Structure formats: C-alpha cells, structure tokens
Amino acid sequence: MLPKFHIILGAIFSALMYYLLQITLFQTILIFFASVLIDFDHYLFYVQETKKWSLQKAYNWKIYRQKKHKPIMMIFHTIEFLILVFILSFVWKGFGFILIGLVFHSIFDIIQLGYEKKLYIREFSLIRFLLRDKKNYF
Ligand SMILES: [Zn+2]
C-alpha cells in the first residue's frame with residue numbers, strides 16, 4: 001500500500017482512537033507514527049539492495065510492481081517484531097500504542113496483498129527467514 005494511503009488511514013484511525021478511547025494526544029501520535037513509519041523497512045531494503053540512499057528513488061522503485069518475485073523480508077512487518085513490541089509494552093506503556101499502530105498497518109497490508117493475490121511476496125516470520133535457504137528470498 002502506498003505511503004499516502006497509510007498516512008490517511010493512520011490519521012483517521014488515530015483520531016478515532018483519540019475520541020473513542022479517550023487516549024492522550026501523545027498516545028495518539030504514537031499510534032499514528034507507528035502506523036506510518038513501520039514501512040521504513042521498505043526503505044532499508046531498498047538501500048540494502050541498491051546501495052543508494054535516495055528516498056525519492058526508493059519510493060519509485062519498481063520492484064513491488066513486478067508480477068512475480070520471491071518473498072521479501074521486511075523486518076518491521078514480522079510477527080516476531082510485533083511480539084517484541086508487545087513484550088516491551090510491559091516495560092513502557094507507550095509501546096502498547098505503538099503496537100496498535102503496527103497491527104493496524106499490518107492488517108491493511110495483509111488485506112491489500114490478499115486482495116491482489118500477492119501474499120507470497122512478503123515473509124511474515126523472521127524465524128522462518130533465518131532458518132530457510134536465502135535463495136528462496138529476493
Ligand atoms: Zn507496510
């Protein structure tokens with residue numbers, strides 16, 4: 001899903017959480033930024049693959065538009081990362097709001113990938129990624 005849609009959906013969702021759950025403005029901001037900045041791993045993947053740092057070029061990178069390719073490991077989009085943030089929420093409550101934003105974002109990613117029949121292009125488990133042969137990945 002394009003960043004602009006995540007920004008719009010994240011803003012609407014954060015505002016809803018603010019009004020419905022009566023959370024603080026700071027907690028609302030945590031949800032919003034988590035729901036958008038989770039995609040920073042796409043940029044990290046771009047830098048890793050191309051050795052280039054341009055945000056604009058990363059945004060326009062065509063890899064996601066290829067019809068068929070191997071799964072891609074996106075570290076912030078893994079179940080293990082979500083579990084880590086969940087555990088951290090016992091240390092600092094703010095991570096609980098970050099988790100809400102991450103899960104919200106992930107749900108929309110999964111819905112979109114499923115709708116486009118492209119769930120195979122994403123690796124959702126860091127452990128499976130570490131155990132499998134890297135030839136199976138992009
Ligand atoms: Zn995403």
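Author: Helix H3 (residues 40-50) gives four residues to the lining of the second largest pocket, the most of any contributor; helices are DSSP runs of H or I with at least four residues, numbered from the N terminus. This is a predicted model, where local features need pLDDT of at least 70, side-chain atom pairs count only at pLDDT 80 or more, and totals for chains, interfaces and linings use all residues. Residues are numbered from 1 along each chain as its sequence is written, and side-chain values use heavy atoms, with hydrogens and water left out.

Reader: What volume does the second largest pocket have?

Author: Rolling a probe the size of a water molecule over the atoms shows where empty space is left. A pocket is an open set of points on a 1 Å grid over the protein atoms alone where a 1.4 Å probe fits, with protein on both sides within 12 Å along at least five of seven lines; lining residues have an atom within 4 Å of a point. Here the volume is about 160 Å³, the space filled by probe spheres set on the points. Among the lining residues are Asp41, Phe45, Met73 and Tyr137.

Reader: Is His6 buried or exposed?

Author: Buried means under 20% relative accessible area, exposed over 50%, partly exposed in between (1.4 Å probe, protein chains only). His6, in helix H1 (residues 3-21), is buried because its relative accessibility is 3%.

Reader: And which residues does Ser106 contact beyond its neighbours within four places in sequence?

Author: Contact means heavy atoms within 4.5 Å. Ser106, in helix H6 (residues 94-115), is in contact with Ile38 and Leu82 when those neighbours are left aside.

Definitions and conventions: Helix = DSSP H or I, 4+ residues; strand = E, 2+ residues; numbered from the N terminus.
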